[in-house]
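Keep the structure open while you read.

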Amino acid sequence: MDIKELATHFRAPAFPGCYFFSFEGIEGAGKSTQIIKLKEYLENKNFRVLVLREPGGTVFGEKLRQAILNSQSPIHPVAELHLFASSRAQLLQEVTLKELGVPNTVIIYDRYIDSTIAYQGVARSLGIETVMRTHLSFPLTLTPHLSFYLRIPADLSHTRQKMRNAPKDYFEKQGDNFYDKLVEGYDRAAEIFSDRIKTINGNQDLELVHQDIVARVESLLTQSQETSDL
Ligand code: Z5A
């Protein structure tokens, strides 16, 4: 099976009137900032919005998050891959699938499988195919309806990290080359899942970033409404 064929095994969950979105990008791309703004926008449209983060979102997932982000010794890339996939499977089963059963719900993930493609698949050199094969069992075959990839160059990520002046976690200690590979990884993911992933310029005023995201969301909502009216 080649990568394009592997991609056909992934699909968005079918809960009419409910939506699953994810935000992607390297550190400092603006994910948290834009998630807050989109949540507010959707709540004003009377959606019930839940924000979940990866890794994490469940008791089990938060323990895995601490294990990796606070690790003082190197973790094998294969161990990283399975750790992120474990946290994801648990979050999908324990929270996401259950909550999407409640009418008018939007689930927003702060990172999802495209982070695994970029970080473990490309930057850690495991290969995109390996990452996708690890996700071939349900519920890991579920994808968001839309993923917003906030694209910024590696040097802007460093500038924003410096401005924040917080202690560096496990991945933030990696060198410049690692960040260039991450950008390459996200670009590859956006090519493979071109229908789902919307690449947004994260290097513009945050209101303009928000408007770009809202335009994509509105287009999906209109399309879904037209389909349900048929
Ligand atoms: N990881 C992995 O390896 N594999 C996986 O499968 C998954 C994750 C799921 C989780 O990190 C780590 O796990 C992550 C990848 C790895 N690597 N690291 N580190 P995390 O959740 O702790 O951190 P993060 O996701 O990278 O969050 P972040 O660093 O906070 O970035 P952000 O949420 O994208 O950015 P932000 O907080 O919204 O903005 C950063 C700053 O920039 C802030 O001061 C903003 O005010 C400013 N900002 C934002 N937008 C703009 C614009 N447009 N203009 C100017 N300034 C802006």
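## Around the ligand

By class, the shell around the ligand has seven nonpolar, eight polar and nine charged residues. For that tally, Ala, Val, Leu, Ile, Met, Phe, Trp, Tyr, Cys and Pro count as nonpolar, Asp, Glu, Lys and Arg as charged, and the others, Gly among them, as polar. One caveat before going on: this is a predicted model, where local features need pLDDT of at least 70 and side-chain atom pairs count only at pLDDT 80 or more, while totals for chains, interfaces and linings use all residues. Numbering starts from 1 along each chain as its sequence is written.

Which residues come nearest to the ligand? Of the 24 residues around it, those are G30, K31, S32, T33 and Y119. A residue is taken as near if its C-beta atom, placed from the backbone, lies within 6 Å of the molecule. Helices α2 (31–44), α5 (113–123), α7 (154–164) and α9 (206–229) each supply at least two residues of the shell, and the largest share, four residues, comes from α5. Helices here are DSSP runs of H or I with at least four residues, strands are runs of E with at least two, and both are numbered from the N terminus.

## The sheet

Five strands make an open sheet with parallel pairing, in the order β2-β3-β1-β4-β5. The edges are β2 (48–53) and β5 (197–201), each with a single partner strand, so one side of each has no neighbour in the sheet. From one strand to the next, the twist averages 20°. Two strands count as paired if DSSP finds at least two bridges between them.

Going through the pairs, β2 and β3 run parallel over six bridges, and R53 has D110 in β3 as its bridge partner. Strand β1 (residues 19–24) pairs with β3 (residues 105–110), also in the parallel sense, over five bridges; there, F20 stands opposite I107. Strand β4 (residues 146–151) pairs in the parallel sense with β5 over five bridges, with R151 opposite N201. If you're looking at which way the side chains point, remember that in a regular strand they alternate between the two faces of the sheet.

## Two helix pairs

Helix α3 (residues 59–69) packs against helix α4 (residues 77–99) at an angle of about 160°, with the axes 9 Å apart. Axes are lines fitted to C-alpha atoms, for helices over the stretch in contact, and angles run from 0 to 180 degrees between N-to-C directions. That makes α3 roughly antiparallel to α4; under 35 degrees counts as roughly parallel, over 145 as roughly antiparallel, 65 to 115 as roughly perpendicular and the rest as oblique. The contact is made by F60, G61, L64, R65 and I68 of α3 and E80, L83, S86, S87, Q90 and L91 of α4, where contact means C-beta atoms, placed from the backbone, within 7 Å. By class, that contact has five nonpolar, four polar and two charged residues.

Now for α5 again. Its axis and that of helix α8 (residues 176–192) come within 8 Å and cross at roughly 130°, and α5 and α8 are therefore oblique to each other. On the α5 side, the contact is made by D114, I117, A118, Y119, G121, V122 and A123; from α8 come F178, K181, L182, E184, G185, Y186, R188 and A189. This contact has nine nonpolar, two polar and four charged residues. Y119, listed here, is also one of the residues that come nearest the ligand.

## Backbone details

Where are the cis peptide bonds? One joins E54 and P55, with omega about -10°, and P55 lies in the loop between β2 and α3. Another runs from F138 to P139, with omega near 10°; P139 sits in the loop between α6 (128–134) and β4.

Also have a look at N46, in the loop between α2 and β2. Its phi is near 70°, a positive value in a residue other than glycine.

Notes. Two residues are in contact if their C-beta atoms, placed from the backbone, lie within 7 Å.
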